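Here is a short report on one protein model.

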Amino acid sequence: MTELTHENFAAEAEQTQIPVLIDFFSEKCSPCKAMGVVFDGLAEQYHSRCKFCKVDVDAQEDLARQFQILSVPTLILLDKGEIVQRIRGFHSKQDILKILNLS
């Protein structure tokens, strides 16, 4: 799992051949911790179909602003650097699989 920063964002999230799912989270957020467990499970199972990355919004405020993150947890799916899906709040693994058409 890649921790994204302003410095590595372009190389790690925009210049990839597969879609990138980014978990915008805060260590202070209980729903983020629950979503993190789901996200980690997805990353383990679907790493060959999608790149999984995380952004700590408290440490990376510029990325949070860039993506207009108003609440956490928020998942954003990028394809070739373009936002194709935004998922706000906690969702189950099955919900995310349906939303992202990974199932």
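**Aromatic pairs**

This is a predicted model. It holds 3 aromatic pairs. Two of them are described here, and Phe 67 takes part in both.

Phe 9 and Phe 67 have ring centres 5.4 Å apart. Their planes meet at 55°, so the pair is tilted. That angle falls between the cut-offs of 30 degrees for stacked and 60 for edge-to-face. Phe 9 belongs to helix α1, residues 9-14. Phe 67 sits in the loop between α3 (61-66) and β4 (74-79). The pair therefore ties together parts 58 residues apart in sequence.

Phe 24 also pairs with Phe 67, again in a tilted arrangement. Phe 24 lies in strand β2, residues 20-25, while Phe 67 is in the loop between α3 and β4, so this pair ties together parts that are 43 residues apart in sequence.

| Pair | Centre to centre | Angle between planes | Class |
|---|---|---|---|
| Phe 9 and Phe 67 | 5.4 Å | 55° | tilted |
| Phe 24 and Phe 67 | 5.6 Å | 45° | tilted |

Ring pairs link Phe 9, Phe 24 and Phe 67 into a cluster. The relative accessible area of Phe 67 is 6%. Phe 24 is buried too, at 0%. The cut-off for buried is under 20%, so both values qualify.

β4 pairs with strand β5, residues 82-88. The sense is antiparallel, over 6 bridges. Asp 79 has Glu 82 in β5 as its bridge partner. The two strands form a hairpin with 2 residues between them. In the turn, Lys 80 has a positive phi of about 55°.

**Lys 51 and its surroundings**

Lys 51 lies in strand β3, residues 51-56. What does the side chain of Lys 51 make a polar contact with? The partner is the side chain of Glu 12, at 2.5 Å. Glu 12 is also on the contact list of Lys 51, which leaves out residues up to four places away in sequence.

Definitions and conventions:
Residues are numbered from 1 along each chain as its sequence is written. This is a predicted model: local features need pLDDT of at least 70, side-chain atom pairs count only at pLDDT 80 or more; totals for chains, interfaces and linings use all residues. Side-chain values use heavy atoms; hydrogens and water are left out. Rings of Phe, Tyr and Trp (its six-membered ring) pair if their centres lie within 6.5 Å; planes under 30 degrees apart count as stacked, over 60 as edge-to-face and the rest as tilted. Helices (H or I, at least four residues) and strands (E, at least two) are DSSP runs, numbered from the N terminus. Buried means under 20% relative accessible area, exposed over 50%, partly exposed in between (1.4 Å probe, protein chains only). Two strands pair if DSSP finds at least two bridges between them. A polar contact is a pair of N or O atoms within 3.5 Å; within protein, one must be able to donate a hydrogen and the other to accept it, and residues adjacent in sequence count only if both atoms are side-chain atoms. Contact means heavy atoms within 4.5 Å.
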